Amino acid sequence: MSFMLGITPWPVLSATLWIILIVAALYLIRGTAHKTIQAAANGLHRSFKIASKAVTRSEKNLAVRNRDVLLAAGREAKERIIEREFDRINETVRKDLANYSALHRSLSESIGRIEKDHQEAVDVPPDPPGWVKAVEAVAEMDAKEGRAHIGSILSDIHKSLIKAHKEAMGAYHVASAKRHKLLRHMRPDWRKIQQTLAAVGKNVDSLLSRSVTIDRHMQEYEDIVHGQDRAVSVLSSSSLVNFFVSAFVLCIAIGGATINFSLIARPMAEMVGGTSLLGNFRTADIAALVIILVEISMGLFLMESLRITRLFPVIGALPDKTRVRMIWITFSILFLLASVEAGLAYMREVLLHDELATSALLRGEMGATATGEYMWITTAAQMGMGFILPFALTFVAIPLETFVHSLRTVVGLIGLSFLRALSLVLRLLGNVFLYLGVLLKQLYDIPLFVPLWLEERMASRANDDALMGRVGQ
Amino acid sequence: MKKSILIALCGLLASCSTDTTPRNKGVYMLLDTSGTYAEELTKAEQIIRFTLSRLDATDSFAVARIDTGSFSEKDIVAKASFDDRPSAVNRQKRLFAQQVSDFVESADPSPYTDITGGLLQAVEFLNEKGTGIKTILIFSDLKEDLEAGYIRDIDVELEGFEVIALNVTKLRSDNIDPREYLGRLEEWQGRVEKTGGEWRVINDLDGLENLL
């Protein structure tokens, strides 16, 4: 600096000279400098624009891939649902059609019996004679008119008729009772027919409702197959819901596994030693963790063998006989591990008591070693938990499958959002550099305001002279 | 991608590498049974029980008496190297406490006090056990009183050892001239630190939390 200010005896003059020199130099290379700035800005702008386009292309590719994945997953899920619905319909139809001949026979027999009873009930018993009143009137004439000879005959007829009347009435009552009895016999048949028809109606209703459900599923399936936007939107939102719900259930399962771990880690020290280390972890802890992981694996295989989940296609594709064998094997291993855990949970309690007793002894509290009366409840609860938790963890397979499947979609959506944001940022940066070039050119011109003003004045004067020359001519 | 998998595998293997440095504790406690100090043994029993409660599987613990000639295995009252299994450790601790209790009930006062011999025995025992942390507890007034003929003016190598003097009681003569007491403490501290050991004094037995 001192050199720069020392080119003349007066620093101010030196500084002025330097300023003039620099401004002159900058003015001379102004055109080149502007071109350089513009070229750099354009270059950066174009680079970022190209990068942004590349990211946008990737985003589109990812979107297409996501859409394909989503549709494929949705198609598979829908196929499973429809297949299951058809299975149910098949089951209902098979069951009902198998019983249809028996049902028909039962209905025909019931109807036949009713018809027969009805026919028999239709036979009307004879009415009592209608001329009894006339005979009674004739019989009364005897007393009024004093015709004793006719009276005795009529009296006999009267008696005979009364007797016949009584007999006819008796027969009538018997016949009526028989009819009532027949009608009474018809009641259970009616009831049976009613029940049978109600059952048939229920089955038909069930089939109808299932067919409506299948129609709906088929419509959705068609939408998925045709790749309609509405189907993609529905699948995407349901996938997100599935992701969060399954993540929540998995968190609960992790909590269960942690409790399970704490139940067996302590007694594990009795089996593998309490101080040996594997890396930075206690071998007992690792052993307990391995047992829990093996239980979860067995649970996964069990669920796969039962065809509840489809994480391993190999298991699902096994022959039924092998699959059933696998069910029994995995269940047996799970049962044994659950029993081992129950035993370890019991041992944990025993060890805890032992340790408490020793601590009390070392503290000099002899009375404190006595076991509480209700301690068996804790022991039983721990054993129960040790036995139940492995089976409960088996069901982790279901949310795990949902989580894995929905994770693909969620990761795709996150990737899509990231690429979209990156593309936007790159585009913005490209524009920023473009305008930065313009700004830099303006900034470059600020110190050159004097020569630029002079240049402008000279140009203006030259223009004026040229104009005046043209006017003069 | 392959590179990151390789790095992750290397990291996993590195974390699985077995650390061979022992992390177990070894404690050797010397009990002064000379003269009137023998009356303090009930306090020593409490300290032993506290120490037992602080020790864990694979730790080693020994309690030895200081008598006329303490450089001997015969002076060890109770010793145990705790098993790896928690249940066995509890059994060992109960047995150890019982042995100490029996000793406290039947201990006879010794006419002389050979602290250096006991220290040598402690160093030998703990070195043999090869524990990661080595602690020697001296429950004594630190007044060494050797029988004629016993040579104890030797440096005990205490590199890696922590020596803790417990319940260093003041003698009647200390009350007359406290310099004697302070001099004893300084002398022992000097002997321990000279050979690379660490020295600590705990007289307040209510504050044993920092003992181990």
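**Helix packing and chain contact**

In this predicted model, helix H10 (residues 320–363) of chain A packs against helix H11 (residues 375–394) of chain A at an angle of about 150 degrees, and their axes are 8 Å apart. Because angles over 145 degrees count as roughly antiparallel, H10(A) is described as roughly antiparallel to H11(A). The crossing of these two helices, H10(A) and H11(A), is right-handed. On the side of H10(A), the residues that make the contact include Leu334(A), Leu337(A), Ala338(A) and Leu344(A), while H11(A) contributes, among them, Met383(A), Gly386(A), Phe387(A) and Phe391(A). Sorted by class, the contact of H10(A) with H11(A) comprises 12 nonpolar, six polar and three charged residues.

These helices belong to a chain, chain A, that has 13 helices and two strands. Another of them, helix H8 (residues 283–305) of chain A, has 23 residues and reaches 32 Å from its first C-alpha to its last, which is close to the 33 Å expected at 1.5 Å a residue. Just after H8(A), Arg307(A) takes a positive phi of about 60 degrees.

Taking chain A as a whole, buried residues make up 15% of its 473 residues. Of the contacts in chain A between residues at least 6 apart in sequence, 79% join residues at least 24 apart.

Turning to the partner chain, 17 residues of chain B are in contact with 17 residues of chain A. On the side of chain B that touches chain A, helix H1 (2–16), helix H2 (41–54) and helix H3 (86–106) of chain B each supply at least two residues, and H3(B) gives the most, with six residues. The residues on this side of chain B divide into five nonpolar, six polar and six charged.

Notes:
Residues are numbered from 1 along each chain as its sequence is written. Chains are lettered from A and ligands numbered from 1 in the order in which they are written. This is a predicted model: local features need pLDDT of at least 70, side-chain atom pairs count only at pLDDT 80 or more; totals for chains, interfaces and linings use all residues. Two residues are in contact if their C-beta atoms, placed from the backbone, lie within 7 Å. Helices (H or I, at least four residues) and strands (E, at least two) are DSSP runs, numbered from the N terminus. Ala, Val, Leu, Ile, Met, Phe, Trp, Tyr, Cys and Pro count as nonpolar, Asp, Glu, Lys and Arg as charged, and the others, Gly among them, as polar. The expected span of a helix is 1.5 Å times one less than its number of residues. A residue is buried if 20 or more other C-beta atoms lie within 10 Å of its own, exposed if 12 or fewer, and partly exposed in between; C-beta atoms are placed from the backbone. Axes are lines fitted to C-alpha atoms, for helices over the stretch in contact, and angles run from 0 to 180 degrees between N-to-C directions. Angles under 35 degrees count as roughly parallel, over 145 as roughly antiparallel, 65 to 115 as roughly perpendicular and the rest as oblique. A crossing is left-handed if the near helix is turned anticlockwise from the far one by less than a right angle, and right-handed if clockwise.
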